[in-house]
Amino acid sequence: MQNYTFASRTFPLDLSWDVIVLGGGPTGCTAAASAAREGARTLLVEATASLGGSGTSALVPSWCPFSDKEKIIYRGLAEQVLKRCKEHQPHVQADKLDWVPIDSELLKRVYDDLVAGSGATVLFQTMLSAVEVGENGEVDAILVTNKRGLSALKARVYVDCTGDADLCAWAGAEFQKGGENGELMPATHCFVLTNVNEESFMTTCGKGAVLMGNHPKTRIYDIIASGRYPLITDAHVCSILIGPGTVGFNAGHLWNVDNTEPETVSRAMSQGRKLAAQFRDAFAEFYPETFGNAFLVTTGSVIGIRETRRIIGDYVLTLADYIARRSFEDEICRNSYFIDVHHSLEEAKKHTVERADGLSRPSMNYGPGESHGIPYRCLTPQGLRNVMVAGRSISCERPVQGSVRVMPVCLAMGEAAGMAAAHALQKHDSDVHAVDVVKLRSRLKEEGVFLPEVPCAKPEAILTNH
């Protein structure tokens, strides 16, 4: 691609903010709410027209588990979001914590209320466009784009919740991406079918969420073998009743999609819409009693991305840490979700032959009551003084990213990041690496975050990986 140099330009500058959060997914919503709750003048910048990301715009139909199979561990703001949703979902049991269906329109309003109620301001349909970095690794200002054109924003601390770590990467932070050869987990374009025979669905597909590739009554392999639906190539089909006669699907895989490469996303969006239509027709043929009259009402306005960049932070959370169920003196939340790395295209072909599901094996599951800590140092990018990162792009090894990328833990990480950003500007001259983690953990506990006591570590223990 050739280069073009614009003439020197001056942009309008907004100096109103202490903390700017980039990205209004689950992580960004709790980060903005948490920072504002601590008294910081907070702006949340979101590229789409609604908050919520995966659970709203991408139509992911259910929450991953909020419990460790014994108790809820994603508490604080995360628990508030779940409770507010369930209050308006009469078909969901009040005590249900795992694989709770998502009403995407309801969830949009829940996030709107959460962020606005905290005192934070939201700027929709606005994209990060450039980052200006000064001396000592401090971000001086950012450029954003919306219908006003280009404008500059300046804050004392920035929280990168873009999912792709755009702010960190553009500011020069070191990162890793995908596997050893750059391969990325496949994307999924979620969709919703209405006019489904609800009674038949619950009988055929189970009570709640089900991976149809593993279900004893599945016909997905017959669908693939028929050859009539060529875009359906593997057995990844998760479905759940999200409303009366309405089923949400996290189904199918789209390979070779890199969310930092717009051309690949554009291609995948078009293919994903066609894939959703093929699923509807295939289900109508092979599950006529359930989906014979089903109507494809919508596909996600954004595609479901599982991984891109992982920032190198002050600590890299390792697979060994995950296996050991490790606790950390500076942990800011706990996580109990299993290692959920979706397969490559080559593995997909093998799984189809073997009639296996859509996850790389062996997956790693915790037993009841088991979890691991996420250190604060995974949220602090090396080389950047006043920037934090939270969400699926935190500092961790790739297998661990397959666990920490899901929405409940992202909600928990966001709350910690927003609070830490406020503490950094209030007491540490905007240096996120200098935040007092003892005080941070104490304050998080006051807000109801689940942080069990951890063994005392030597001071130098929180400065190194091991």
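A: A helix here is a DSSP run of H or I with at least four residues, and helices are numbered from the N terminus. The model is predicted.

Start at helix 8. This helix covers residues 288-291, and Thr290 is one of its residues. Is Thr290 buried or exposed? The cut-off for buried is under 20% relative accessible area. Thr290 has 2% relative accessibility, so it counts as buried. Now look at what surrounds Thr290. Leaving out residues up to four places away in sequence, its contacts are Val196, Asn197, Ser200, Phe201 and Thr204.

Phe201 leads on to the rings. Phe201 belongs to a cluster linked by ring pairs.

Centres must lie within 6.5 Å for rings to pair, and planes over 60 degrees apart count as edge-to-face. By this rule the model has 15 aromatic pairs. Take Trp63 and Phe66 as a worked case. Their ring centres are 5.5 Å apart and their planes stand at 75°, so this pair is edge-to-face. Both Trp63 and Phe66 are buried.

Rings also meet charges. Arg9 places its charged end over the ring of Phe6, 5.8 Å from the ring centre. Arg309 lies over the face of Phe175, with 5.3 Å to the ring centre.

Now the strands. Strands of a sheet pair through backbone hydrogen bonds, either parallel or antiparallel. In this model, four strands make an open sheet with mixed pairing, in the order 1-7-6-5. The edges are strand 1 (13-14) and strand 5 (127-133), each of which pairs on one side only. Strand 1 pairs with strand 7 (residues 149-153) in the parallel sense, over two bridges. Asp14 stands opposite Leu153 of strand 7.

For a contrast with Thr290, go to helix 3. Helix 3 covers residues 104-118 and includes Ala116. Ala116 has 53% relative accessibility, so it counts as exposed. Thr290, at 2%, counts as buried.

Definitions and conventions: Residues are numbered from 1 along each chain as its sequence is written. This is a predicted model: local features need pLDDT of at least 70, side-chain atom pairs count only at pLDDT 80 or more; totals for chains, interfaces and linings use all residues. Side-chain values use heavy atoms; hydrogens and water are left out. Rings of Phe, Tyr and Trp (its six-membered ring) pair if their centres lie within 6.5 Å; planes under 30 degrees apart count as stacked, over 60 as edge-to-face and the rest as tilted. Buried means under 20% relative accessible area, exposed over 50%, partly exposed in between (1.4 Å probe, protein chains only). A charge sits over a ring if NZ of Lys or CZ of Arg is within 6 Å of the ring centre and within 35 degrees of the ring normal. Contact means heavy atoms within 4.5 Å. Two strands pair if DSSP finds at least two bridges between them.
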